[in-house]
Amino acid sequence: MEILSFFLSLAGATMLLLFAVRMVRTGIERSFGASFQRIMTGSRGPLANSSLGLGLAMVLQSSAAVALLATGFMASGYLQFPAALAIVLGGDLGSALVIQILSFRLDWLVPLLLAVGGWLFVKVEERRWRQAGRILMGVAFILISLRFLREAMDPIRDSAFLPAIAEYLARDYVTAFLVGAALAFVMHSSVAAILMCVTLVQIDAIPFAAGLSLVLGANLGSAFIPVWLARGIEGEAKLLPYTNLVLRGVWAVISLFVVNVLLPQGFWGASQSGQMLVVAHVTFNAVLVVLAMPFGKLIATTALQFAPKRKTAADFVADIRPGSALDIENVGTPAQVIASLKKELLRMSELVEVMFRPTLTLYRDGDPEQIKAVQEMDLEVNACLQNIREFVAILPTKSLDKSKQKTARDLMEYAIRLETAGDVVAKRLCVLAQDLNEVHTTFSDDGWAELTRMHEAIRANLTLASNTLVSDDLESARVLSLEKTEIKRAERKSRKRHLKRLQLGQEDSFATSDIHLETLRAFREFNSHISAIAYPLLYKHGQLLETRLIEDMPPAEA
């Protein structure tokens with residue numbers, strides 16, 4: 001019974017720790033959204049890129065999240081391999097520093113964090129402040145979960161069960177190393193896994209030697225997380241998490257051998273504490289950054305030799321689920337009707353995303369074959385709309401209640417918006433890319449940066465729109481609506497800056513003026529169409545105003 005209670009307490013504390021880490025990361029991602037992309041894709045040296053990765057990991061509390069961001073931006077062509085690798089290695093060090101901060105006894109902060117964070121999240125409507133409240137509460141939950149971990153160990157610390165396992169792990173450092181790797185991967189959080197190991201050492205539940213082997217193993221296991229999460233990414237970018245895995249794996253094995261075989265038993269002296277374990281973890285990651293950073297280009301060149309052939313736009317289309325998700329011969333139950341429509345819309349959204357993704361690459365390279373391939377995708381998008389229109393037309397209205405009928409109509413209207421978004425890419429942006437390359441000119445640096453930021457933000461909104469379509473989550477719909485307003489604001493600001501550059505007489509701005517302004521309008525219209533999925537959900541929950549006009553306005557004087 002004692003063992004069962006121990007495992008239940010341990011499982012509860014562990015899940016609270018995982019939830020808290022995710023809560024903090026979610027709050028930060030919702031606060032800053034596409035800003036990370038703008039920050040990460042700047043031009044910097046290896047040291048600056050490593051520092052950037054360090055800072056992002058401390059903010060996101062996850063080296064895996066930084067690795068996924070870098071992998072995604074590399075896949076999109078915004079990051080080169082050496083820069084992305086430096087960011088990932090810096091992210092690992094930043095995650096270690098987060099553990100250093102959280103390992104201090106900060107229980108006295110919990111009531112303050114809960115009070116301030118809860119008030120911000122519940123009482124404040126402004127999105128950034130609400131997410132700040134989420135972040136503060138997440139940090140409080142992390143501290144609470146660590147307290148629970150310590151308390152869970154108290155009843156069993158003096159039993160024969162835990163010391164037996166601890167002594168075995170201390171003797172067999174290879175098993176301890178593998179257990180640490182498995183623990184970090186299963187928990188999907190190196191921060192959570194290593195904090196657990198540190199806590200066990202702090203309360204003398206396991207000896208320092210076993211804790212050190214567990215931590216080194218956790219460093220290897222954490223490198224498997226982005227490999228697993230990025231398994232759907234194709235091309236050169238897929239090699240980034242694998243390269244990080246090889247570097248961390250080799251260094252972890254070398255460190256394991258050194259600390260357990262070559263160093264004398266008394267090397268650590270009397271400092272065999274949980275805090276010393278954190279210092280060892282930070283040192284492990286810092287040394288790896290110092291060793292790998294000077295050889296970034298050489299490592300990249302070696303890794304890229306294993307890169308698969310770069311995919312074309314047509315290849316991306318082939319990866320999308322083939323065929324329609326709609327079966328006109330067998331409509332199914334009302335619940336199946338809505339599910340089938342959403343599946344087809346999700347497929348349609350993926351096609352539109354694949355069309356929009358290479359837009360700026362087409363502007364830069366002007367490859368006629370790529371432009372033609374993107375324009376041909378519009379035919380597939382049109383076919384999706386036709387399938388949805390035919391499916392909705394044959395729905396038996398008698399078997400569907402009014403709410404299901406309205407949902408079906410709303411989904412068909414969104415299909416029309418997606419088809420129009422595809423037309424914006426095929427008939428406007430692709431034509432503008434052709435015009436830009438025919439005149440053999442380029443945008444100004446400032447103009448290109450403005451278009452890049454808008455493109456990044458819209459791609460993030462595409463993902464958010466798909467999530468809203470699948471989940472019917474009101475919070476996601478609100479964020480999507482707010483992001484639409486941000487895109488409008490960005491379009492207005494970019495237009496004003498462009499006109500100011502014209503006034504200052506910048507020649508490159510004169511040469512691309514029409515294309516720049518047309519691209520801004522097309523981006524804004526595209527984003528408006530993909531964001532339309534939020535409106536039915538907002539209206540249903542009374543979150544949408546009927547009109548922007550001020551009511552009871554007195555008539556103008558003659």
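Arg-347 forms a salt bridge with Glu-380, the closest N and O atoms being 2.7 Å apart, where a salt bridge is a side-chain nitrogen of Lys or Arg within 4 Å of a carboxyl oxygen of Asp or Glu. Arg-347 lies in helix α16 (residues 334-356) and Glu-380 in helix α18 (residues 368-393), so the pair ties together parts that are 33 residues apart in sequence; helices here are DSSP runs of H or I with at least four residues, numbered from the N terminus. Arg-347 counts as buried at 7% relative accessibility, whereas Glu-380, at 30%, counts as partly exposed, given that buried means under 20% relative accessible area, exposed over 50% and partly exposed in between, with a 1.4 Å probe and protein chains only. Salt bridges that share partners also bring in Glu-344, joining Glu-344, Arg-347 and Glu-380 into one network.

The model is a predicted one, in which local features need pLDDT of at least 70 and side-chain atom pairs count only at pLDDT 80 or more, while totals for chains, interfaces and linings use all residues. Residues are numbered from 1 along each chain as its sequence is written, and side-chain values use heavy atoms, with hydrogens and water left out.

The structure holds 15 salt bridges, and two further ones link distant parts of the chain. Arg-248 is buried, with a relative accessible area of 2%, and Asp-92 counts as buried at 7%.

The packing of two other helices can be followed next. The axes of α19 (residues 402-438) and α23 (residues 513-530) come within 9 Å and cross at roughly 165 degrees, the axes being lines fitted to C-alpha atoms over the stretch in contact, with angles from 0 to 180 degrees between N-to-C directions. The two helices are therefore roughly antiparallel to each other, a term for angles over 145 degrees. Residues making the contact (heavy atoms within 4.5 Å) include Leu-418, Val-425 and Arg-428 of α19 and Ile-515, Phe-523 and Glu-525 of α23. Those residues divide into 13 nonpolar, 4 polar and 6 charged, where Ala, Val, Leu, Ile, Met, Phe, Trp, Tyr, Cys and Pro count as nonpolar, Asp, Glu, Lys and Arg as charged, and the others, Gly among them, as polar.

Terms used
Angles under 35 degrees count as roughly parallel, over 145 as roughly antiparallel, 65 to 115 as roughly perpendicular and the rest as oblique.
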